[in-house]
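Subject: Handover of a structure and its findings

Dear colleague,

Please find below the structure that I am handing over to you. My notes on what was found in it follow directly after.

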Amino acid sequence: MFSRLTRPQALAVCALPVVALLATAAFAPLPFSVAQPGLTADVLGENKGDPVITISGAPTRDTTGELRMTTIEATSPDTDVTLGEVIDAWFRTDKAVMPRDSVYPSGRSTQEIEKYNTEQMQESQDAATEAALNYLDLNDKNIKVTLKLADVGGPSAGLLFSLGVIDKLNGAGAGADLTGGRTIAGTGTIDAAGKVGAVGGVSLKTQAAKRDGATVFLVPKDECSDAKSELPKGLRLIPVTTLKGAVDALEALESGKGSVPSC
(Lines give C-alpha, C1' and ligand atoms only; values in the text may rest on other atoms or scores of the structure.)
Protein backbone atom coordinates (compact mmCIF):
# COMPACT_ATOMS: atom_id res chain seq x y z
CA MET A 1 0.00 0.00 0.00
CA PHE A 2 1.35 3.44 -0.95
CA SER A 3 0.61 6.75 0.71
CA ARG A 4 0.27 9.92 -1.37
CA LEU A 5 2.88 12.62 -0.71
CA THR A 6 1.84 16.20 -0.33
CA ARG A 7 3.27 18.66 -2.89
CA PRO A 8 5.83 20.12 -0.45
CA GLN A 9 6.91 16.63 0.53
CA ALA A 10 7.28 15.60 -3.12
CA LEU A 11 9.37 18.67 -3.90
CA ALA A 12 11.56 17.98 -0.90
CA VAL A 13 12.15 14.39 -1.99
CA CYS A 14 12.95 15.43 -5.56
CA ALA A 15 15.29 18.14 -4.36
CA LEU A 16 17.41 15.79 -2.28
CA PRO A 17 19.32 14.25 -5.23
CA VAL A 18 19.91 17.72 -6.71
CA VAL A 19 21.25 19.04 -3.42
CA ALA A 20 23.45 15.98 -3.06
CA LEU A 21 24.73 16.42 -6.62
CA LEU A 22 25.53 20.10 -6.06
CA ALA A 23 27.23 19.32 -2.77
CA THR A 24 29.36 16.68 -4.45
CA ALA A 25 30.21 18.99 -7.36
CA ALA A 26 31.19 21.77 -4.98
CA PHE A 27 34.01 19.67 -3.58
CA ALA A 28 34.89 17.49 -6.58
CA PRO A 29 38.06 18.43 -8.50
CA LEU A 30 37.43 20.00 -11.90
CA PRO A 31 39.70 20.06 -15.00
CA PHE A 32 40.40 23.79 -14.72
CA SER A 33 43.16 26.10 -13.58
CA VAL A 34 42.55 29.45 -11.92
CA ALA A 35 44.93 32.15 -13.13
CA GLN A 36 45.74 35.66 -11.94
CA PRO A 37 48.20 38.44 -12.87
CA GLY A 38 51.76 37.25 -12.31
CA LEU A 39 55.17 38.84 -12.01
CA THR A 40 56.67 41.20 -14.55
CA ALA A 41 60.39 41.69 -15.17
CA ASP A 42 62.36 44.44 -16.89
CA VAL A 43 64.48 42.71 -19.53
CA LEU A 44 66.73 45.77 -19.66
CA GLY A 45 67.54 45.41 -15.98
CA GLU A 46 68.26 42.69 -13.46
CA ASN A 47 66.29 39.77 -12.13
CA LYS A 48 67.28 38.35 -8.76
CA GLY A 49 70.63 40.10 -8.91
CA ASP A 50 71.63 39.02 -12.42
CA PRO A 51 71.31 40.99 -15.68
CA VAL A 52 68.48 39.59 -17.78
CA ILE A 53 70.39 40.32 -21.00
CA THR A 54 74.16 40.04 -21.26
CA ILE A 55 75.88 40.76 -24.60
CA SER A 56 79.53 40.23 -25.49
CA GLY A 57 81.36 40.66 -28.78
CA ALA A 58 79.66 43.95 -29.67
CA PRO A 59 79.40 47.38 -28.05
CA THR A 60 76.26 47.96 -25.99
CA ARG A 61 74.57 51.17 -24.92
CA ASP A 62 73.10 52.43 -21.68
CA THR A 63 69.32 52.47 -21.74
CA THR A 64 66.56 54.32 -19.94
CA GLY A 65 62.99 53.24 -19.35
CA GLU A 66 61.86 49.65 -18.97
CA LEU A 67 60.77 46.78 -21.18
CA ARG A 68 58.73 44.53 -18.93
CA MET A 69 57.78 40.99 -19.89
CA THR A 70 54.57 39.83 -18.24
CA THR A 71 53.29 36.55 -16.85
CA ILE A 72 50.26 34.93 -15.30
CA GLU A 73 50.23 32.73 -12.21
CA ALA A 74 48.04 29.64 -12.46
CA THR A 75 47.18 26.90 -10.00
CA SER A 76 49.68 24.08 -10.38
CA PRO A 77 48.79 21.06 -12.54
CA ASP A 78 48.41 18.83 -9.47
CA THR A 79 46.15 21.26 -7.60
CA ASP A 80 42.46 20.35 -7.43
CA VAL A 81 40.15 23.23 -8.32
CA THR A 82 36.62 23.02 -6.92
CA LEU A 83 33.33 24.37 -8.22
CA GLY A 84 33.33 27.04 -5.52
CA GLU A 85 36.72 28.31 -6.66
CA VAL A 86 35.59 28.32 -10.30
CA ILE A 87 32.45 30.31 -9.47
CA ASP A 88 34.43 32.78 -7.36
CA ALA A 89 36.99 33.35 -10.13
CA TRP A 90 34.31 33.59 -12.81
CA PHE A 91 32.89 36.78 -11.33
CA ARG A 92 36.23 38.50 -10.69
CA THR A 93 38.22 40.62 -13.13
CA ASP A 94 41.56 39.81 -11.51
CA LYS A 95 41.18 36.06 -12.00
CA ALA A 96 40.33 33.78 -14.92
CA VAL A 97 39.16 30.21 -15.25
CA MET A 98 41.07 28.36 -17.94
CA PRO A 99 40.91 24.72 -19.11
CA ARG A 100 43.87 22.99 -17.49
CA ASP A 101 44.95 21.58 -20.87
CA SER A 102 45.28 25.14 -22.22
CA VAL A 103 47.72 26.00 -19.44
CA TYR A 104 49.63 22.74 -19.08
CA PRO A 105 50.35 19.91 -21.53
CA SER A 106 47.97 17.05 -20.75
CA GLY A 107 49.13 13.64 -19.64
CA ARG A 108 52.38 14.84 -18.06
CA SER A 109 53.60 14.90 -14.49
CA THR A 110 54.44 18.14 -12.71
CA GLN A 111 58.16 17.42 -13.19
CA GLU A 112 57.66 16.77 -16.90
CA ILE A 113 55.68 20.01 -17.26
CA GLU A 114 58.42 22.00 -15.51
CA LYS A 115 60.99 20.50 -17.85
CA TYR A 116 58.79 21.26 -20.86
CA ASN A 117 58.34 24.91 -19.80
CA THR A 118 62.08 25.28 -19.27
CA GLU A 119 62.75 23.90 -22.76
CA GLN A 120 60.12 26.26 -24.21
CA MET A 121 61.81 29.22 -22.53
CA GLN A 122 65.23 28.22 -23.90
CA GLU A 123 63.87 27.81 -27.42
CA SER A 124 62.16 31.20 -27.08
CA GLN A 125 65.39 32.85 -25.98
CA ASP A 126 67.32 31.34 -28.88
CA ALA A 127 64.68 32.48 -31.38
CA ALA A 128 64.52 35.95 -29.79
CA THR A 129 68.28 36.39 -30.06
CA GLU A 130 68.32 35.25 -33.68
CA ALA A 131 65.38 37.50 -34.58
CA ALA A 132 67.04 40.55 -32.98
CA LEU A 133 70.40 39.98 -34.67
CA ASN A 134 68.70 39.34 -38.01
CA TYR A 135 66.75 42.57 -37.64
CA LEU A 136 69.98 44.48 -37.00
CA ASP A 137 71.82 42.63 -39.81
CA LEU A 138 74.36 41.42 -37.28
CA ASN A 139 75.42 37.92 -38.22
CA ASP A 140 78.79 38.11 -36.53
CA LYS A 141 79.35 34.78 -34.78
CA ASN A 142 81.47 36.57 -32.19
CA ILE A 143 78.37 38.22 -30.74
CA LYS A 144 77.09 36.22 -27.79
CA VAL A 145 73.78 36.98 -26.13
CA THR A 146 72.87 35.41 -22.81
CA LEU A 147 69.32 35.69 -21.51
CA LYS A 148 68.58 34.81 -17.91
CA LEU A 149 65.24 34.99 -16.18
CA ALA A 150 64.75 32.91 -13.05
CA ASP A 151 61.56 30.98 -12.25
CA VAL A 152 59.83 31.78 -15.54
CA GLY A 153 58.97 29.22 -18.19
CA GLY A 154 57.27 29.14 -21.56
CA PRO A 155 57.77 31.10 -24.80
CA SER A 156 55.65 34.22 -24.25
CA ALA A 157 58.56 36.57 -23.39
CA GLY A 158 60.14 36.16 -26.83
CA LEU A 159 59.07 39.53 -28.24
CA LEU A 160 60.31 41.46 -25.18
CA PHE A 161 63.65 39.61 -25.22
CA SER A 162 64.18 40.61 -28.86
CA LEU A 163 63.29 44.23 -28.17
CA GLY A 164 65.67 44.27 -25.22
CA VAL A 165 68.57 43.01 -27.32
CA ILE A 166 67.83 45.61 -30.02
CA ASP A 167 67.62 48.41 -27.47
CA LYS A 168 70.93 47.45 -25.88
CA LEU A 169 72.69 47.19 -29.24
CA ASN A 170 71.02 49.93 -31.26
CA GLY A 171 68.11 51.61 -29.51
CA ALA A 172 65.88 53.68 -31.74
CA GLY A 173 68.85 55.18 -33.59
CA ALA A 174 70.51 58.58 -33.07
CA GLY A 175 71.09 57.73 -29.42
CA ALA A 176 67.39 57.39 -28.57
CA ASP A 177 65.89 54.58 -26.53
CA LEU A 178 63.17 52.31 -27.85
CA THR A 179 61.23 52.98 -24.68
CA GLY A 180 61.48 56.77 -24.91
CA GLY A 181 62.08 56.60 -21.15
CA ARG A 182 58.69 54.98 -20.59
CA THR A 183 57.79 51.71 -18.94
CA ILE A 184 56.71 49.51 -21.83
CA ALA A 185 55.24 46.09 -21.17
CA GLY A 186 54.03 43.35 -23.47
CA THR A 187 53.81 39.73 -24.41
CA GLY A 188 54.11 37.55 -27.49
CA THR A 189 56.08 34.63 -28.82
CA ILE A 190 58.59 35.18 -31.59
CA ASP A 191 60.31 33.05 -34.20
CA ALA A 192 63.70 33.55 -35.81
CA ALA A 193 62.08 35.39 -38.73
CA GLY A 194 60.60 37.95 -36.35
CA LYS A 195 56.97 36.84 -36.52
CA VAL A 196 55.03 37.55 -33.31
CA GLY A 197 52.65 34.85 -32.11
CA ALA A 198 49.66 34.78 -29.77
CA VAL A 199 49.88 33.73 -26.15
CA GLY A 200 47.29 33.31 -23.39
CA GLY A 201 45.99 35.22 -20.41
CA VAL A 202 46.45 38.61 -22.07
CA SER A 203 43.78 40.40 -20.01
CA LEU A 204 45.54 39.28 -16.82
CA LYS A 205 48.92 40.36 -18.17
CA THR A 206 47.65 43.88 -18.87
CA GLN A 207 46.65 44.10 -15.21
CA ALA A 208 50.12 42.96 -14.12
CA ALA A 209 51.66 45.53 -16.46
CA LYS A 210 49.58 48.42 -15.10
CA ARG A 211 50.27 47.33 -11.52
CA ASP A 212 54.01 47.54 -12.18
CA GLY A 213 53.96 50.98 -13.77
CA ALA A 214 53.55 50.37 -17.51
CA THR A 215 51.73 52.92 -19.66
CA VAL A 216 52.05 51.03 -22.98
CA PHE A 217 51.37 47.37 -23.70
CA LEU A 218 52.47 45.50 -26.82
CA VAL A 219 49.98 42.76 -27.67
CA PRO A 220 49.81 40.21 -30.50
CA LYS A 221 47.27 41.67 -32.92
CA ASP A 222 45.05 38.58 -32.88
CA GLU A 223 44.52 39.09 -29.14
CA CYS A 224 43.41 42.71 -29.23
CA SER A 225 39.85 41.88 -28.21
CA ASP A 226 41.02 39.83 -25.22
CA ALA A 227 43.37 42.61 -24.14
CA LYS A 228 40.59 45.21 -24.37
CA SER A 229 38.12 43.14 -22.35
CA GLU A 230 39.58 44.08 -18.95
CA LEU A 231 41.99 46.84 -19.98
CA PRO A 232 43.17 48.93 -17.01
CA LYS A 233 42.62 52.66 -17.32
CA GLY A 234 45.67 54.54 -18.57
CA LEU A 235 47.26 51.60 -20.38
CA ARG A 236 47.69 52.06 -24.14
CA LEU A 237 47.50 48.98 -26.38
CA ILE A 238 49.75 48.64 -29.43
CA PRO A 239 49.02 45.60 -31.62
CA VAL A 240 51.97 43.92 -33.32
CA THR A 241 52.47 41.06 -35.77
CA THR A 242 56.22 41.30 -36.38
CA LEU A 243 59.36 42.41 -34.58
CA LYS A 244 59.88 45.14 -37.19
CA GLY A 245 56.34 46.38 -36.63
CA ALA A 246 56.95 46.53 -32.88
CA VAL A 247 60.19 48.49 -33.33
CA ASP A 248 58.55 50.86 -35.84
CA ALA A 249 55.66 51.50 -33.45
CA LEU A 250 57.97 52.22 -30.51
CA GLU A 251 60.15 54.52 -32.65
CA ALA A 252 57.06 56.43 -33.79
CA LEU A 253 55.86 56.67 -30.21
CA GLU A 254 59.28 57.90 -29.04
CA SER A 255 59.78 60.45 -31.81
CA GLY A 256 56.19 61.62 -32.14
CA LYS A 257 56.45 61.11 -35.90
CA GLY A 258 54.57 58.52 -37.91
CA SER A 259 51.52 56.50 -36.96
CA VAL A 260 51.24 54.23 -33.93
CA PRO A 261 48.77 51.37 -34.45
CA SER A 262 46.01 50.75 -31.94
CA CYS A 263 43.56 47.95 -31.18
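Glu 66 is partly exposed because its relative accessibility is 24%, where buried means under 20% relative accessible area, exposed means over 50%, and partly exposed lies in between (1.4 Å probe, protein chains only). The side chain of Glu 66 meets that of Arg 68 in a salt bridge, at 2.8 Å from N to O; a salt bridge here is a side-chain nitrogen of Lys or Arg within 4 Å of a carboxyl oxygen of Asp or Glu. Arg 68, with a relative accessible area of 14%, is buried.

Please note that this is a predicted model, in which local features need pLDDT of at least 70 and side-chain atom pairs count only at pLDDT 80 or more, while totals for chains, interfaces and linings use all residues. Residues are numbered from 1 along each chain as its sequence is written, and side-chain values use heavy atoms, with hydrogens and water left out.

Further salt bridges

Side chains of opposite charge can pair when their charged atoms come close. Over the whole structure, the search finds 8 salt bridges. One of them joins Lys 244 to Asp 248, whose closest N and O atoms are 2.8 Å apart. Both residues belong to helix α8 (residues 243–255) and are 4 residues apart, about one turn of the helix. Helices (H or I, at least four residues) and strands (E, at least two) are DSSP runs, numbered from the N terminus. An α-helix has 3.6 residues a turn, so residues three or four places apart point the same way. Asp 248 has a relative accessible area of 33% and is therefore partly exposed.

Arg 92 is partly exposed, at 35% relative accessible area, and Asp 88 is partly exposed, at 37%.

A nonpolar surface patch

Ile 87, Trp 90 and Phe 91 form a nonpolar patch on the surface, and together they have about 430 Å² of accessible area. Patches are made of residues with over 30% relative accessible area and no salt bridge, with like charges joined within 9 Å and nonpolar side chains (Val, Leu, Ile, Met, Phe, Trp, Tyr) within 5 Å. Accessible areas come from the Shrake-Rupley method with a 1.4 Å probe, and for residues only the protein chains shown count as cover. Ile 87 is part of helix α2 (residues 83–90). Because its relative accessibility is 44%, Ile 87 counts as partly exposed.

How do the axes of α4 and α5 cross? The axes of helix α4 (residues 110–135) and helix α5 (residues 158–169) come within 8 Å and cross at roughly 40°. Axes are lines fitted to C-alpha atoms, for helices over the stretch in contact, and angles run from 0 to 180 degrees between N-to-C directions. The two helices, α4 and α5, are therefore oblique to each other; angles under 35 degrees count as roughly parallel, over 145 as roughly antiparallel, 65 to 115 as roughly perpendicular and the rest as oblique.

Leu 169 belongs to helix α5 and is buried, with a relative accessible area of 15%.

Helix α6 (residues 202–211) is largely enclosed by the rest of the structure, because 8 of its 10 residues are buried. Among the buried residues of α6 are Val 202, Leu 204 and Lys 205. Just after α6, Gly 213 takes a positive phi of about 95°.

Gly 186 lies in strand β8 (residues 183–186) and is buried, at 1% relative accessibility. Gly 186 and Phe 217 are 31 residues apart in sequence, with their C-alpha atoms 4.8 Å apart in space.

Lys 48 is not a glycine, yet has a positive phi of about 55°. This residue is in the loop between β2 (46–47) and β3 (50–51), and Lys 48 is exposed, at 61% relative accessibility. Asp 137, also not a glycine, has a positive phi of about 55°. Asp 137 sits in the loop between α4 and β7 (144–147) and counts as exposed, at 64% relative accessibility.

With kind regards
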